[in-house]
Amino acid sequence: MRKCKIIWSFFCAFVLCLLPVQPACAAQDREDISLYATAAALVDAETGRVLYGKNQDTPMAMASTTKIMTCIIILENLDLDEEVTVSDYAASMPKVKLYVKCGEKYKVRNLLFSMMLESHNDSAVVLAENLGKRYLSDELKNKDTAEFTTEESKQAVAEFARLMNEKAEEIGCTQTYFLTPNGLDATQTITMEDGGTVTKEHCTTAAELAQIMSYCVLSSPMRDLFREITAEASYSFSENGRSFSCSNHNAFLSMMDGAFSGKTGFTNKAGYCYVGALERDGRTYVVALLACGWPNNKSYKWSDTRELMEFGLENYTYRDFEPETALADIVVENGASPDGSPYQEVSIAVEREGGVLPIHMLACDGESIEAEVECKSALMAPVSAGEQVGSITYYLNEASGDRRLLAEEKLFTGQNVEVKDLKYIMRYIGDCFLVF
């Protein structure tokens, strides 16, 4: 294999004429960011790229930000007008709660607003139980949820947590583990086949929490409903002869133009947590904060979110890059020349797979793209068109100094080449005699 390294520096400063612009993404700009949160991530929701991180890969408790996953699982699996039944276990959840009562029935839609706007813990468990029970035995599946014992309710919630973890794995979250649908702190001891035990906690990382939120607002087939629910300022409904009114506790919705979704959270272990999304000028940013202060520091999460969102807006813009890729022809040893001459050296062109370029991405000044081309320099005849002979790997050199894999495309032979064997040479000699 011949390894060719081609480095392109594509990013040129986009300077507005006659307007002074400070260099974006300069090192001092990053150093000037000061956050209260123990862990934080600013993420490009479209690609999942972490544009700024602080302990972003450290697993931590995430409190009620958990409910964004609960919400999307319910939206993807239950009808909004379906009625679900309250168990004694669900009704026993601690505050903050809707104060549902065992045996009551509620529409899924109403409980989702209750859970996402007011962060009601009992609403989350009612929803989780009624979906999770569908994966239990036929006996429990058909049993009235209001008649569930505490143990049966916990089994149903465990099945729902399994769905949450499967979804997390599906979208690439490897350090996230869900035990509860409402975000209350929890620990689980798992016995392994060899008899050993492993203790797992309800946790995620700032980067993966942002990744989950990105899925909810951009990729999920139910993203529109998720956005509608989480953006609602208030919601009122009546069920079981009672009236309820819910107000959205996501104050960031009115703090910056383009803010459209988010979820707060707090437990004594997790501290104040937050995940929020903002769209502006075709860009979608997600900020996730973990352990962003404890009482009486409830407002820290808003200042941290604003600082990170402003950093993203001021420094990152979408740009397209389509570099010329110089690919040398490949010599085919003992290959039959198209003109019939046995003395002619044969070479064939290399074709790119396509579909990778142009690369459309958020980027800032000082960043560059590097492409590494690996391609065979010679082949032995016969050769068939479409054989893979190498690849091009694209990397982003980030302003932070990190090197990030962007994409890879394959390289193929562009044509067939027959082998130059005895039959081919005899045919060539025969053609020569015919000329004379």
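**Entry 1: K301**

I looked up K301 and found it in helix α10, which spans residues 300-315. The model is a predicted one.

**Entry 2: a sheet of 3 strands**

I traced an open sheet of 3 strands and noted the order β15-β14-β19, with mixed pairing. Which strands stand at the edges? They are β15 (346-348) and β19 (378-380). Each has a single partner strand, so one side of each is left without a neighbour in the sheet. From one strand to the next, the twist averages 35°. For E333, I noted M380 in β19 as the bridge partner.

**Entry 3: cysteines**

I searched the whole structure for disulfides and got 0. For C71, the closest cysteine sulfur is in C216, at 7.1 Å, which is too far for a bond; the cut-off is 2.5 Å. C173 is in no disulfide either, and its nearest cysteine sulfur, that of C216, is 10.0 Å away. C71 counts as buried because its relative accessibility is 0%. C173 counts as buried at 4% relative accessibility.

**Entry 4: cis peptide bonds**

I noted a cis peptide bond from K95 to V96, with omega near 10°. V96 is in the loop between α3 (88-91) and β5 (105-107). I noted another cis bond from L357 to P358, with omega near 0°. P358 lies in the loop between β16 (350-352) and β17 (359-363).

**Entry 5: positive phi**

I found a positive phi at Y99, near 65°, in a residue other than glycine. Y99 is in the loop between α3 and β5. Is Y99 buried or partly exposed? I have Y99 down as partly exposed, with a relative accessible area of 45%. D281 also has a positive phi, near 55°, and is a residue other than glycine. I placed D281 in the loop between β11 (271-280) and β12 (283-290). D281 is exposed, with a relative accessible area of 63%.

How values were computed. Residues numbered from 1 in each chain as written. Predicted model: local features only at pLDDT ≥ 70, side-chain atom pairs only at ≥ 80, totals over all residues. Heavy atoms only, no water. Helix = DSSP H or I, 4+ residues; strand = E, 2+ residues; numbered from the N terminus. Pairing = 2+ DSSP bridges. Axes fitted to C-alpha atoms, helices over the stretch in contact; angles between N-to-C directions. Buried < 20%, exposed > 50% of the residue type's maximum accessible area, 1.4 Å probe, protein only.
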